[in-house]
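Walk me through this structure, one region at a time. Start with how its strands pair, then move on to its rings, its cores and its helices.

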Amino acid sequence: MKTITKIISLSAMTLALASCADLGSNPTHSSERSRNLNNPNVTGSTYAQQVCSTCHGLNGQSINPTFPNLAHQTKEYIAVELHELKDETRLDPAAQQFMWGVARNLTDKQIDQLAEYFSKQPAPVNTAYADPKLVVEGKKIWQEGNLSGGVPPCSGCHGENAEGNANIPRLAGQHSDYIYKQLTVFNDDYELVNDHKDIQSNLEDPGVTENGEPWRAGNNGAVMELMSHGLSKEQRMAVANYLQTLR
Amino acid sequence: MKITSFLFKARGAFLALMGGVVLLSSLDANAIPVFARQTGFKCVACHVGGEYPQLTALGRYFKLTGYTQGDAKNIFGEMTTNLDRSPFSVWLQASKQWYANTQPNGINGTAPTSAFDAQTISLFTGGHLTDNLGAFIQWTAAKYDPLTTVSTGPSAPLNWTVSIDNSEVRLADHRVNSSGDWIYGAYLNNRITMSDVWNTQENWTSDWIGYFNTGFNGVAGLAPQTQLQGGLSQHNVVGLGTYLFKDKTWYGELGVYRKVSNGPLSVFTEGVDAASAPSYNNNLYTRFGYNKEWGPHEVFFGLHGLFGSGDPYGVNNLFSLANAQATWQDMGVDAQYQYILDPHYFAAHFRLTHENMQNSAPLVGGVVANNANTLNEYWADMTYIYKAKYGAMLFFHGARGTNDTTLYSSGVNGSPDWDSIMPSVFWAPYQNIRIGVMETFYTRLGGTTSNLITNANNLPGSLSPHSFNTTMLYGSVIY
């Protein structure tokens with residue numbers, strides 16, 4: 001009997017707290033330092049400070065290379081990616097683990113403000129160790145491409161100093177671990193798609209397998225899948241090391 | 001036990017667990033607990049390698065800012081796209097345990113024989129309440145790791161006990177201005193190390209799996225802990241504290257904990273309190289720390305302390321002994337190291353807590369022999385997880401202290417000294433599910449590594465610390 005009383009009283013308390021959770025806050029108040037990701041009245045710069053900065057740094061320079069630097073990234077590219085993350089069309093594992101949740105309720109205005117905020121931050125100066133030998137090799141690939149793998153010079157699209165251009169991302173000063181991870185994602189996508197070409201041609205949505213599993217890094221990744229596949233693991237690492245040293 | 005019999009039983013338990021895995025693998029990939037639903041993060045965002053309870057930098061931030069990040073629910077009918085999410089989570093643990101000494105209800109106290117069993121069910125709720133207020137509420141029904149002070153005599157039945165578990169309400173804010181980055185707040189909770197975000201304190205170390213640890217529960221006093229990491233860490237107190245985390249580097253915290261038997265706050269000890277339970281006067285809890293992150297690395301160095309008094313043996317009510325009080329001063333150091341860069345996740349923790357305890361006259365000669373005792377309790381652990389799927393852990397836990405022939409009557413010459421090693425391996429086929437094997441080896445109990453001379457509890461005299469070892473095959477599902 002005592003146990004039943006306990007169950008009832010704890011259930012009542014838990015339900016009371018759960019119903020409190022439905023109350024929430026008035027969206028017109030206290031939005032200056034809100035971490036409420038479902039409030040259109042919170043500005044992009046508040047989110048940058050209260051939410052994004054935890055992983056990406058207040059100035060867009062992240063500490064852990066799991067997370068990319070966003071400082072001085074092109075405004076257009078940030079906006080495109082946030083829309084893809086919101087729409088869940090960018091499918092790499094890290095996007096699903098972290099960013100789908102953050103972006104799922106952002107408004108167009110908030111996305112624009114966030115893109116503006118991070119694009120205006122000073123360019124990152126990445127002082128992490130880069131292997132000098134790989135830097136030299138990476139520079140060569142960046143400027144001349146890897147013709148035997150069918151890879152044209154990266155600088156052709158991303159810029160001589162990897163400064164980016166509109167929808168094409170800036171990569172200068174990016175963490176080498178992050179670049180390498182993303183190149184691997186592109187390559188894995190390429191291999192998945194090409195290993196299943198016969199199946200893929202019959203699919204309604206070529207970005208998703210028949211089991212609903214994601215195949216591609218995102219709508220904008222198709223070109224990079226080809227580029228990444230044309231590089232060996234070491235070459236990808238070399239390019240990543242080189243980019244980290246750029247200012 | 002014959003090895004064939006062991007393997008047969010292990011196979012049966014494994015098949016039962018796999019059945020659960022297959023069933024749950026078909027569920028929605030985003031159908032995960034309350035905080036994950038609120039933030040939209042996968043487990044791996046806030047927990048090292050996706051394995052609770054160890055927190056990443058993001059997980060620490062989420063907790064320190066009052067569990068408020070994510071989608072809020074509101075009463076204005078706006079922005080309700082995610083209101084279909086459940087505000088509850090359920091956590092089920094089941095295991096098959098094997099004891100080195102299988103005397104039923106004897107040496108192992110109320111330990112079960114080695115049956116396969118569901119043993120802990122928890123219900124969670126909480127998260128964002130307002131932009132600055134959030135909660136973490138858990139209550140638990142447990143079978144072998146009772147949070148309540150139930151009788152543990154040889155004939156005591158194995159009752160499920162229902163009680164409040166780790167529960168906390170936090171009020172927090174985060175300001176960034178020209179003078180720096182300030183995260184600060186206050187909490188109300190029911191466990192003295194509940195506020196920890198570095199997983200070095202008792203409440204959040206990784207031996208979270210509820211099972212009947214015969215070293216702790218079988219014979220009282222063979223694995224003693226300090227008041228800070230043991231006594232006041234059992235949901236039998238209510239505490240109010242405040243904290244500050246400056247520039248994500250310097251951390252300071254101050255809290256006051258005491259037993260609350262009546263009034264609205266006693267809901268925080270619901271199901272835990274009992275007439276024979278320990279009682280605590282005002283206890284001051286404090287913590288300072290230094291946190292540093294670079295690249296994929298993070299280190300934390302901390303100091304922790306508890307200064308207070310109370311009736312830790314629960315004798316006041318039991319024997320009507322007025323003024324049976326002890327006072328204690330617990331001080332310690334702790335540290336964490338983390339390396340987080342997919343696919344590798346590594347974490348290590350260490351703590352050492354030194355306790356001085358002074359016993360008042362009614363206690364001396366009754367439940368303790370000495371006017372003053374000391375106890376040095378240590379904990380160390382290492383965790384490696386690959387691809388957030390395959391993991392191995394190693395824990396070390398034990399203590400050294402003053403001999404007390406009354407308090408530690410089961411020990412050799414009243415020695416409280418003990419050491420244990422707990423290796424485990426696990427597999428997380430899916431982020432909600434963990435299946436593992438964990439060993440608990442006692443290498444020293446009652447101050448000895450070999451023949452444990454027992455002169456109490458009518459125990460046979462030929463026991464060694466190994467008699468208290470446990471092997472466990474477990475499965476855990478959280479949804």
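Two strands pair if DSSP finds at least two bridges between them. Strands (E, at least two residues) and helices (H or I, at least four) are DSSP runs, numbered from the N terminus. This is a predicted model, in which local features need pLDDT of at least 70, side-chain atom pairs count only at pLDDT 80 or more, and totals for chains, interfaces and linings use all residues. Residues are numbered from 1 along each chain as its sequence is written, chains are lettered from A and ligands numbered from 1 in the order in which they are written, and side-chain values use heavy atoms, with hydrogens and water left out.

Begin with β3(B). This strand and β4 of chain B (residues 161–177) pair in the antiparallel sense, over 9 bridges. Within that pairing, A141(B) stands opposite V162(B) of β4(B). β3(B) also has a partner in β2 of chain B (residues 116–128): 9 bridges join the two, and they run antiparallel. T120(B) has A142(B) in β3(B) as its bridge partner. A hairpin of 4 residues leads from β2(B) to β3(B). How covered is strand β3 of chain B? Of its 10 residues (133–142), 9 are buried. Buried means under 20% relative accessible area, exposed over 50%, and partly exposed in between (1.4 Å probe, protein chains only).

Now the rings. A pair of aromatic rings is described by the distance of the centres and the angle of the planes. Rings of Phe, Tyr and Trp (its six-membered ring) pair if their centres lie within 6.5 Å; planes under 30 degrees apart count as stacked, over 60 as edge-to-face and the rest as tilted. Over all chains, the search finds 25 aromatic pairs. In one of them, W198(B) and Y251(B), the centres are 5.1 Å apart and the planes stand at 70 degrees, so the pair is edge-to-face. W198(B) lies in the loop between β5 (180–189) and α5 (214–217) of chain B, and Y251(B) lies in strand β7 (250–258) of chain B, so the pair ties together parts that are 53 residues apart in sequence. W198(B) is buried, at 0% relative accessibility. Y251(B) is buried too, at 3%.

W198(B) also pairs with F300(B). Here the centres are 4.0 Å apart and the planes are at 10 degrees, so the pair is stacked. F300(B) belongs to strand β10 (297–311) of chain B, so this pair ties the loop between β5 and α5 to a part 102 residues apart in sequence. The relative accessible area of F300(B) is 0%, so F300(B) counts as buried.

Other rings of chain B form an aromatic cluster, with F35(B), Y52(B), W91(B) and W204(B) among its members. R434(B) lies over the face of F426(B), 4.5 Å from the ring centre. The charged end of R37(B) is over the ring of Y479(B), 5.9 Å from its centre.

Next, the cores. In soluble globular proteins, nonpolar side chains tend to be buried together. A nonpolar core is a set of buried Ala, Val, Leu, Ile, Met, Phe, Trp, Tyr and Cys residues joined through side-chain atoms within 4.5 Å. The largest has 29 residues; those touching the most other members include Y47(A), F118(A) and L58(B). Elements that each supply at least two residues of this core include α2 (44–56) and α5 (108–119) of chain A, and α3 (43–46) of chain B. Contact means heavy atoms within 4.5 Å. Leaving aside neighbours within four places in sequence, the contacts of F118(A) include A48(A), C52(A), L70(A) and I78(A). A second, separate core has 27 residues, including L55(B) and L363(B).

Finish with α3(A). This helix has 13 residues and spans 18 Å from first C-alpha to last, close to the 18 Å expected at 1.5 Å a residue. The expected span is 1.5 Å times one less than the number of residues. Buried residues of α3(A) include I78(A), L82(A) and L85(A). Their cover includes α4 and α5 of chain A. After α3(A) comes E88(A), with a positive phi near 60 degrees.

Terms used. A charge sits over a ring if NZ of Lys or CZ of Arg is within 6 Å of the ring centre and within 35 degrees of the ring normal.
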